[in-house]
Structures are given as C-alpha cells and as structure tokens.
Amino acid sequence: MLPVGSYSEHQLTKSKGLVMKREGLLSGRGIDSAVQKRWQLGVTRRTLLRNTALGTAALAAGGAGAHAQPAAKPPNIIFILADDLGYADVSCYGRRDFTTPNIDRIAARGTRFLQGYANSAVCSATRVALITGRYQYRLRLGLEEPLAANPEVGLPPEHPTLPSLLKRAGYGTSLIGKWHLGALPKFGPLKSGYDHFFGFRGAAVDYFSHVNPFQRHDLWDQDVEVHQVGYLTDQLGGHAVDAVNSYAKSGQPFLISLHFNAPHWPWEGPDDEAESKRVAGTSLRDFDGGTQKTYQHMIEAMDAQIGRVLDALDANALTENTIVIFTSDNGGERFADTWPFTGKKTDLLEGGLRIPMVIAWPARIAPGRTSDQVAISMDWLPTLLAAAGTAPDSDYPSDGMNLLPLLAENAAAVDRKLFWRYKGKWQHAARIGDYKYLKILDNTFLFNVVEDPLERANLKERHEDIYERLVAEWQAWNATMLPEIAESNTRAFTGKDLADHYGSQQASEAPDPTLPLRPLNQSAR
C-alpha cells in the first residue's frame, strides 16, 4: 500500500480541481522532477496505474493521522454500488472531462484499490457474490447473466447473506436501490436479511416513470408498490440521507446498501424527462439514445447524492466510525471509460471486470492511500464481517478474502487465484499472480495483465508452462462449481448493437461444448 503524494499540489490540480490529464501523464508533461526521473529510468505499468491522477482527493486527505486504534463501537457501514460504471469513469481513477468530487472524498479518506475486480461482467451475477461472499456459480441464480423475468430463480431466503449476518450481530440493515436477485413472492430483500427496502426489484427502470423493460412499474417501499414523482438517483440519495439520520437517532450500528441504478441505461440525466417519454413503451435499451454528455450528467447526479450522504454522516458525527465503500457491479457499458483496458460489460477482458473500488474508515484506515492488492467483489463480505466483529456462517465459508489486515494493519499484498466464467461467447478467465488465462469462443490467450493491461501480447506459446498451469487450475476450480446450463439467460453485444462489435453474433444459450456435461444441483457447497 503506497501513500498518494508523488505530485505537487499545482500538478495534481487544475483551475477547478480537475485531475491531471492522462495525455500529460503518458507524455511526461505535468510530472514533477522525481516522477519524471523515474519515468526516464523506466516506469512499470503497475506504477503507472498506481499514480494515475487522484486529483484534489489527495489534497482533501490533508494532515489526518493514521487512526490506527480500533474503534470502540462496531462500525456503521454504507456500501455504495454503481451500475455499469467503467474503471476510469470517476476522477480519482483518471476521468479527464469531468470530476466526481464526492467519490474522490471517499478515496481521499481511505484506500483506493488499483486491481479491483467484479465477480462477473454483468450485474445480477456479481450481486450474488457480493451478498453471499461466495462465487456466484455455487447457486442456480448465479448462472443467470443476468437474471431476466424468471420468477422461479432467485436468492434462497435461507442462504446467509451480508445483511442477515450483520443483523444477527445487532445491526440495522437497509437496501436502498437495486435488488435484482429474484421476484416476489418467493424472493426479496426483506427475505434475505434487510429490515428496510426502498427501490426496484429488476434489472433496470426508467429514471422518471420507474417502469421496467417489461412495461411494469417497479418502485417499492418495503413490499408495497409506491408511485412517486422524481428522478430516481435523487430519490435514492434522499432515502439514504433519511436512513442515516434515523439510525443516528437510534444509536444502532447500521448497514445501508445504497445501490444506484446510475449510470445504467436508459440514458437519462436529471433534465432528460423528454427522453423518458420518448423511450416509454420500449425495452429501455435505447441503442439510438445517449451521449457522452448525458452519461456525464448521470454520473454527476450520482456523485452529488453521495455527497449528501457523506454530509449527513458529518452532520451526525458518524464519519469517524463509518465504513464507506464505493464500487461498481461490473465494467462499463457503451459510453463508459475503461482506460487502460479493452472490453466492456459482458466481456471477461479486463474492461468488463476491472472496477473502481475505494474504502474509507477514518477510525482504522489511514487516508490517501492506494493498494496493489488484487481484490474482488466477494471479498467485502468477510472484510465487513471482520470489521463488525463477526464471521461468515461456517456452513457457507466465503470464497473471498478478508482485506482488513491489509487496510488497517498495513499487511503486505498477497497473490490471489481468481476465476470467472461467462456462458455468452463461452468465456473463461483466471487471474493467478500477474498472469491471466482467457478464453473467448475457441480462442485462448495468456496475458501478463500488470505489464500489458490492454491484453495485446498473447504469451501462451512463449510461456506454455504457465498457460497450461492456469488452464488446469481453471478446470479444477470449474469442476467445483455448478455446470453451465442451456436454460440460463446470457447476454452479449453484437455487431447490430454496436458498430465496434462488427462480426459479433448473438451469444449462444448453449453451454460451452468444450466443458464436460454434469448434472445440475441447486447449489454447489
């Protein structure tokens, strides 16, 4: 873990606190003499990623101390999840054309992971891993890419979850925003550990009408459908502020899962109600809509609501002992900035998996740091349970890693073995050390993703021994998961959808024919 501080104040900021442009970083312009010297001596790709502009977030950390003493009370937790946000879509990860000052505030107060991964390249699969702390492929629900209008598939209410385990430890638990883990009457957030729920149950809704792609209204307060007027991002932020204020009065430790739908389609900023009316009656996946400016406004609106939540913590004197996490459920979609990676949502290329991942906890985590630790969505369950003084259910051990020693005790980063599978285009991936095995259709690759984050140099013949080892490890891991099945949904972009996907056909619903056939159980323990 390295402190942010390689650049001077002048070099880190522009007239309105914009982050250093990446063109300047790459060409050597705007870099202080020490950094310039390191560049001349040969900077590594890992160092480049570490030092990509944190902007005024680094300055906001100020002279705060290390806060190494344990908190006297269990920490409060606010888990903020964006939807389809790209790795470089926020200014503390290098966004060039606008800033996200409130997300940067979180980074400045804590740690910014430079090798953060989503458990999947689509939303509901990652959300399974996030809430259970386990590979999503252990549950039938996790085979959906994503879950789409199948009322018989969802998160089993009896399965331990992050909210249910925290609730058992005395926490109040609230989900505000997107659920997408199964429909009523069998499934829902109130059946899986949350005390309170305000939001929507499916994959997406219109930001103004709150109607989903199947033309059904989808906004709920608890299990009661509610009709409210307003831009959904603002409504979710308002409910989160109310929740903070309410918990502050009660004195109960709390988990607030604030799961925004931004910046997921439909492409509607706060002033785009006319666009909402234009796409009414459609599937909302408007391939004829959206612009970079609209996308910017959606992210800025989310950032503004995050600022309201942080201000509520400050006003209630809760900031010091509240863990605040900001991340995304998968890599970015069509308007996203995924630099320096290739690929987008639905791809197991780095751009479909790498996500912003920041955490602040002033009572325990030193401010203004970055970490090269490889981390993944399912790590948050064991990490947050450890922070709360509890642990995963012994019958459902987490596949994730407790990051708390690294974050609060400055433990060294460790190598990881992480695995992915995506039925669309028969994709496989494994990240072991600095190397990554990747399969897309019948094409296979080996990349050093630290030195080659663009995934251009295929090393599988130069390092045949490493390639074969990673393939064997992936196959051994896959044998412990549920098999792919024809019945599960999958999705991938085609040449008809996006011009840069020319030649790409609709993904087959059939399982990867190279995998052995196995019977399906409802879970893989």
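Reader: Where does W426 lie, and what is its phi?

Author: In this predicted model, W426 sits in the loop between β12 (417-422) and β13 (427-432). Its phi is near 50°, a positive value in a residue other than glycine.

Reader: Is W426 buried or exposed?

Author: Buried means under 20% relative accessible area. W426 has 19%, so it counts as buried.

Reader: Which residue in the loop between α10 (273-279) and α11 can I compare with that?

Author: Look at L284, which is placed in that loop. L284 is not a glycine, yet it has a positive phi of about 75°. With a relative accessible area of 4%, L284 is buried.

Reader: Thanks! Now, which peptide bonds are cis?

Author: One of them runs from E145 to P146, with omega near 0°. You will find P146 in the loop between α7 (123-132) and α8 (162-168). Another cis bond joins L184 and P185, where omega is about 5°. P185 belongs to the loop between β4 (172-178) and β5 (196-200).

Reader: How should I read the nonpolar core?

Author: Here is the general idea: in soluble globular proteins, nonpolar side chains tend to be buried together. In this structure, the largest nonpolar core has 103 residues. The members that touch the most others are I78, I80, I106, F113, I306, F326 and W380. Helix α11 (residues 292-315) gives the most to this core, namely ten residues.

Reader: What is I306 in contact with, leaving aside its neighbours within four places in sequence?

Author: I306 is in contact with I80, N102, I103, I106, F260 and F326. Apart from this core lies another, of 35 residues, which includes A129, Y137, F447 and V471.

Reader: And how many salt bridges are there?

Author: The general idea is that side chains of opposite charge can pair when their charged atoms come close. Searching the whole structure gives 25 salt bridges. In one of them, D89 pairs with R95, with the closest N and O atoms 2.7 Å apart, and both residues are buried. E350 and R354 form another, at 2.6 Å between the closest N and O atoms; these two are buried as well.

Reader: Which residues are linked in a network of salt bridges?

Author: D83, R127, K178 and D329 are linked in such a network.

Note on methods
Residues are numbered from 1 along each chain as its sequence is written. This is a predicted model: local features need pLDDT of at least 70, side-chain atom pairs count only at pLDDT 80 or more; totals for chains, interfaces and linings use all residues. Side-chain values use heavy atoms; hydrogens and water are left out. A nonpolar core is a set of buried Ala, Val, Leu, Ile, Met, Phe, Trp, Tyr and Cys residues joined through side-chain atoms within 4.5 Å. Buried means under 20% relative accessible area, exposed over 50%, partly exposed in between (1.4 Å probe, protein chains only). Helices (H or I, at least four residues) and strands (E, at least two) are DSSP runs, numbered from the N terminus. Contact means heavy atoms within 4.5 Å. A salt bridge is a side-chain nitrogen of Lys or Arg within 4 Å of a carboxyl oxygen of Asp or Glu.
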